[in-house]
Amino acid sequence: MSDETNRRIQVDLSGKRAMVTGASRGIGKSIAVTLGAAGATVVCIARNQEKLQETADIITQQGGTAEVYPCDVVDTDAVQNLFDKFIEKWERLDILVNNAGITRDTLLPRMSDEEWDDVLSTNLRSVFLFSRAASQVMMRARTGRIINISSVSGRMGNPGQANYSASKAGIIGFTQTVARELASRKVTVNAICPGFVATEMTDAMGPAVLDEVKKRVPAKRLGTCEEISDAVLYLASDSALYITGQVLTLDGGLTA
Ligand code: NAP
């Protein structure tokens with residue numbers, strides 16, 4: 001076993017059903033694979049069917065169960081159809097991870113209506129649509145975990161990301177409110193705020209900017225997708241039943 005494998009936390013999610021948005025690459029792919037390796041049946045959601053299938057194949061090659069549901073997470077009807085199909089087949093949803101997200105960075109004076117609307121829809125409206133549908137199922141079952149991927153940009157802001165920061169701060173307020181609404185039904189709702197994590201989203205910043213970022217991070221490196229996935233795994237585990245409405249930041253000390 002490698003050091004990397006030894007380091008990962010061990011959680012048994014056998015018999016649980018999980019849904020992960022944005023599972024076609026990056027953090028979402030890692031979360032889906034991690035939940036699958038822990039024994040959950042994982043439904044992988046994003047728009048790119050081919051990439052989603054790659055995620056599902058990794059899960060099945062590890063002996064797990066995965067399905068692919070291509071869906072645009074901002075489309076109300078598509079999300080409702082997805083839930084109807086999912087519940088008809090699997091009856092229950094235990095874990096929802098709202099991870100799908102985009103950036104359209106530019107300074108405020110130059111930001112277009114489209115750049116604002118696209119980011120708010122993909123990052124925040126999607127969390128509302130999926131959580132609303134999941135809450136109906138989870139409240140009836142009197143169990144469930146909703147884990148929302150926010151960002152340090154939603155806590156401290158970041159120049160060029162007024163749209164993104166607003167969407168991620170919105171996720172925090174949403175998480176705290178819905179946690180209070182659902183706590184008595186044993187449904188927990190928490191947010192994770194990653195700092196800078198190595199994915200295609202951060203690759204797009206270019207090597208020079210990333211070097212500057214690493215200098216600003218007290219840990220002097222980017223986070224890994226596996227570090228974020230392990231936090232999701234913990235919040236999805238039985239050990240985290242009394243944690244709700246919280247914001248867990250994983251940022252190498254950036255916001256310390
Ligand atoms: P990424 O590599 O760009 O992946 C984004 C994922 O979201 C993809 O699977 C993409 O799939 C999906 N997605 C985007 N728009 C969608 C839509 N309309 N419908 C369905 N799926 C959609 O990003 P990442 O770095 O893994 O980030 C994942 C999450 O973590 C995001 O919410 C991001 O804001 C957050 N985050 C990332 C970092 C970081 O440093 N990387 C830091 C803090 C927070 P398709 O394109 O196939 O649809």
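Mentor: The lining of the largest pocket comprises 48 residues, with G101, I102, T103, Y164 and M201 lying nearest the pocket centre. A pocket here is an open set of points on a 1 Å grid over the protein atoms alone where a 1.4 Å probe fits, with protein on both sides within 12 Å along at least five of seven lines, and lining residues have an atom within 4 Å of a point. The model is predicted, so local features need pLDDT of at least 70 and side-chain atom pairs pLDDT 80 or more, while totals for chains, interfaces and linings use all residues. Residues are numbered from 1 along each chain as its sequence is written, and side-chain values use heavy atoms, without hydrogens and water.

The space in the largest pocket is about 1,200 Å³, a volume filled by probe spheres set on the grid points. Its lining draws at least two residues each from α2, α5 (113–141), α7, α8 and α9 (207–216), and α9 gives the largest share, 4 residues. Helices are DSSP runs (H or I, at least four residues) numbered from the N terminus.

The ligand sits in this pocket, since more than half of its atoms lie within 2 Å of the grid points. Two or more residues of the shell around the ligand come from each of α2 (26–37), α7 (162–182) and α8 (200–203). Polar side-chain atoms of S24 and Y164 lie 2.7 Å and 2.5 Å, respectively, from an oxygen atom of the ligand.

How values were computed:
Polar contact = N/O pair within 3.5 Å; in protein donor to acceptor, adjacent residues only side chain to side chain.
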